[in-house]
Each structure stands twice: as C-alpha cells, then as structure tokens.
Amino acid sequence: MPRTRSHAMSSRHHSGNGRRGDSKSAQPLTGQHARQMQRFGTVVRMPIGLEPKVCEQSCRQLNVLLADTITLRDMYKKHHWQVSGHTFYQLHLLFDKHAEEQNELVDQIAERIQLLGGIAVAMAADVAEMTRIERPPIGREEVPVQISRLLAAHELICKSCREVAAQADEAGDDGTNDLAISDVLRTNELQAWFVAEHVVDTPLVKAK
Ligand SMILES: [Fe+2]
C-alpha cells in the first residue's frame, strides 16, 4: 500500500524523540516555489459592486500611472542625492519631501489596484518597462536639467490623471476617479508649482 501524505506526516512527527514540537517543527521552510496565483493583467472578482471589465480597465490604467509615479518618486530621490550648487540645501530638502509624498501616492495607487482585484506592478525592472517617463542618465546632471526632467514627469502624470479620471467616471468607478483627482493630480500640480518656481530667471542679488 502506498504511503499517504498523512502516513508520511505522522511518521515524521513521531520520529526522533517521538514528541510533537521538537526542533523539526520549528524549522523555517525556505526556498519554496510554486506556480503564480494570478497572472499580471487579470482581475479577480471583488465584492465592491463593480463589473470585472470596469475593474480591468481601471487596473490597466492605474498600473501605468503607478509605474510613472514610482519612476517620479525614484527620480526625486536621485536628484535629492545628486543635487549640487548654491541651492543645494533647499533643493535637497524639497526633493526629499516630494519623494515622500510620491511614495504615499505609490501606496495608494497600488492598493487601489489590489482592491479592484488586479495586480500592482512593483519591481523596478517591470516598472522600467511600463513607465512613459524618459530614463535619465545614471550620472549627475545640473540643477536646471534635473528640474526640467521633474517638470516633464509631473506634466505627463497630470495629463494621465485627467484621462484616467474621465474614463473611470464614465465607467462608474468613482473611487478611481477620486484617487486620480483628489490625491494624484492635486499632489502633482502642487509639486510642479514648487519646482517650477526654481527655474524662473530672477536676479539673485541685484535687480535687473
Ligand atoms: Fe536623504
């Protein structure tokens, strides 16, 4: 008679000193692998009163917005570390503040995708394939160039928010509409203002 799983388990538990709770039962089970539970791009049905096709559309759009937001957050960190020149200190602090605020948005967008039944893009390599923000060089750039990159990213995200919101509104996904406008768009518009004022060419000491 073949050994069943329960036979194998019981013989393992009662081997050695013959008591349950020996050191073997506390052994972490590392190196485990299995098939994925859900493929990227699919949605599972969640009990929130939205049709799966609506959730799928919102998840697809939110994932692109998420990839762009992760990229902008990381670009703010890059510039926070690599900034130079006579505005170093204020920009070093401002860029970090904006990175933290973008990080909050990353979490909000990702968790909305999950609650809609989708899968949030997460890892850097996958984000790099999905984002529409131009990849900056690995090296250091001057402040006006850093700021231009940030402003281009903000503008792209602002336009995207309005598109996502409009389509979510049409589909009846009010939560996605609200997130795109109240959180993502408002934050990006405000950050764009704070950053853009740094590239207004005003005299530093003597009025023109
Ligand atoms: Fe820092």
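Visitor: What makes helix 5 stand out in the lining of the second largest pocket?
Guide: Helix 5 supplies the largest share of that lining, three residues, and it counts as a helix because DSSP gives a run of H or I of at least four residues there, numbered from the N terminus. The model is predicted, so local features need pLDDT of at least 70 and side-chain atom pairs pLDDT 80 or more, while totals for chains, interfaces and linings use all residues. Residues are numbered from 1 along each chain as its sequence is written, and side-chain values use heavy atoms, without hydrogens and water.

Visitor: Why is the space of about 380 Å³ called a pocket?
Guide: The second largest pocket has that volume, about 380 Å³, the space filled by probe spheres set on grid points joined across faces, edges and corners. It is called a pocket because, on a 1 Å grid over the protein atoms alone, it is an open set of points with protein on both sides within 12 Å along at least five of seven lines, whereas a cavity is a set where a 1.4 Å probe fits but cannot get out.

Visitor: Which residues lie closest to its centre?
Guide: Of the 16 residues lining the second largest pocket, His86, Thr87, His198, Val200 and Leu204 are closest to the centre, and a residue counts as lining when it has an atom within 4 Å of a point. Helix 3 (88–115) and helix 5 (143–171) are the elements that each give two or more residues.
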